[in-house]
Amino acid sequence: MKQIIRKAFKFRLNPNSDQAQKMVEFAGANRFVWNKALAMNLFRLEQKQPLLWYNELSFWLKLWKSSEDYGFLKTVHSQPLQQALKNLEKAFKDGFDKKQPLKRIPKFKKKGLSDSFRYPQGFKLEQESSKVFLPKIGWVKYRNSRQVIGDVKNMTISRKGSYWYVSIQTEYETELKRHSSTSMIGVDMGITRFATLSDGSYVEPLNSFRKLSKKLAFEQRKLSKKVRFSANWKKQKQIITRLHERIANARLDFLHKTSTEISKNHAMVVVENLKIGNMSKSAKGSVEKHGKNVKAKSGLNKSILDQGWGMFVSFLEYKQACSGGDVLKVNPQYTSQTCPRCQHVSHDNRKSQSAFECTECGFKANADLVGALNVLERGHRLLACGVETLVSSKKQEPVDSSNTNLLLTA
Ligand SMILES: [Zn+2]
């Protein structure tokens, strides 16, 4: 049996000023076409006339484009505008669909609130060089944070605040399979060890990456001393570009190998639900407020980002989906402070970065292994009850509040 999996990948774009200007124009034209077609249809509704659907509306679009007043529409790629009309048609159909009682008749788009447009085709994606091709805008760089999997079906460009984003919709087919193994494993992700498994094995972090990072900093200092755009400067720039590529490749390679190994051996993989984006934000945002802590925290966050835990989890999910296995995400609270034997929760259980010793029952183990055992235990509980229960404690680990969507029982 086959199944089709649909996924969306969203990245921040880094357009140059020319491209950003075009995006503003495209979004503006998109909003104009939507609002104009919507106004026509609302008027027809009032007059009890039948609605105009996509075919009629696209005829109107052609008229607007050739008119003097709305000639600015000609500078915009036609597909996003047609897409706006298709979206409007769908919005009307949903609005009148009795099976979708929550849907309402479409609304007017406001400037700054719904700046977006979609390409149904004509785009290109180059992941190695982190850029997308948008018809009539050109190649735009994006912040590549994860691998895009599957065939790209469409791309939506949208604005939030002063930033532009691309949302890439993909589709891929996988065999519905039964995983060859039946085992379940907990994974603790850390700094000194990249991953510790609840069976006691562990994966060392990618040390070559640190070395390459140092080398990169060194080469960048060299670049800053050269005359901009001179022959030597260009040569140095090349060296840096190649280093960037080497680092990205080394990281991808490491994450692929590690996730493949774990996925091959275990049907069910339990990981901590770490909100990577939030973690790095919280350290950046509060540097002035709390001096020392934040320094340590941003060090931690740098390592998290270096090691690509988010990417690692998304690789795991993809590989498990392909092999008929699964990934469970559990609440990361207290995983490093809870005793796996007697469930006693205390900060004092943690003797050092690597040593765990329960103050109640004396259970001793490597702290990362304790984390992995607790993660596995939570996975079992999640499967058994559907809800994760946690022993509440006044002691709080510094955990992002968006993770605490699970039930706490006293
Ligand atoms: Zn204990």
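**Getting to know this fold: questions and answers**

Q: In this predicted model, what share of contacts between residues at least 6 apart in sequence join residues at least 24 apart?
A: Let's begin with how the chain meets itself. Take the contacts in the chain between residues at least 6 apart in sequence, and ask which of them join residues at least 24 apart. The share is 65%.

Q: How many helices and strands does the chain have?
A: Both kinds of element are present in this chain. The count is nine helices and 16 strands.

Q: What percentage of the residues count as buried?
A: A residue counts as buried when its relative accessible area is under 20%. The chain has 410 residues, and the share of them that count as buried is 41%.

Q: Which word describes how α1 and α2 lie to each other, and why?
A: Helix α1 covers residues 17-46 and helix α2 covers residues 54-66, with axes 11 Å apart. They pack at an angle of about 125 degrees. Angles of 65 to 115 degrees count as roughly perpendicular and those over 145 as roughly antiparallel, with the rest, apart from those under 35, oblique. The two helices are therefore oblique.

Q: Which residues of α2 make the contact with α1?
A: The crossing of these two helices is right-handed. From α1, the contact uses V33, K36, A37, M40 and N41. By class, the contact has seven nonpolar, one polar and one charged residues. On the α2 side, the residues are L57, W60, L61 and W64.

Q: How many charged residues has the contact of α2 with α3?
A: Helix α3 spans residues 78-96, and its axis and that of α2 come within 10 Å, crossing at roughly 145 degrees. This crossing is right-handed. Y54, L57, S58, L61 and K65 of α2 meet S78, L81, Q82, L85, K86, L88 and E89 of α3. By class, six of the contact residues are nonpolar and three polar, while the number of charged ones is three.

Q: Which element gives the most to the largest nonpolar core?
A: The largest nonpolar core has 42 residues, and those with the most contacts inside it are L13, M23, F117, L134 and I157. L134, for instance, touches M23, Y119, V140, M155 and I157, leaving aside residues up to four places away in sequence. With nine residues, the element that gives the most to this core is α1.

Q: How many residues are in the other core, which has F194 among them?
A: This core lies apart from the largest one. Its members include F194, F254, F312 and V327, and its size is 18 residues.

Key: Residues numbered from 1 in each chain as written. Predicted model: local features only at pLDDT ≥ 70, side-chain atom pairs only at ≥ 80, totals over all residues. Heavy atoms only, no water. Axes fitted to C-alpha atoms, helices over the stretch in contact; angles between N-to-C directions. Helix = DSSP H or I, 4+ residues; strand = E, 2+ residues; numbered from the N terminus. Left-handed = near helix turned anticlockwise from the far one by under 90°. Contact = heavy atoms within 4.5 Å. Nonpolar A, V, L, I, M, F, W, Y, C, P; charged D, E, K, R; others polar. Core = buried A, V, L, I, M, F, W, Y, C linked by side-chain atoms within 4.5 Å. Buried < 20%, exposed > 50% of the residue type's maximum accessible area, 1.4 Å probe, protein only.
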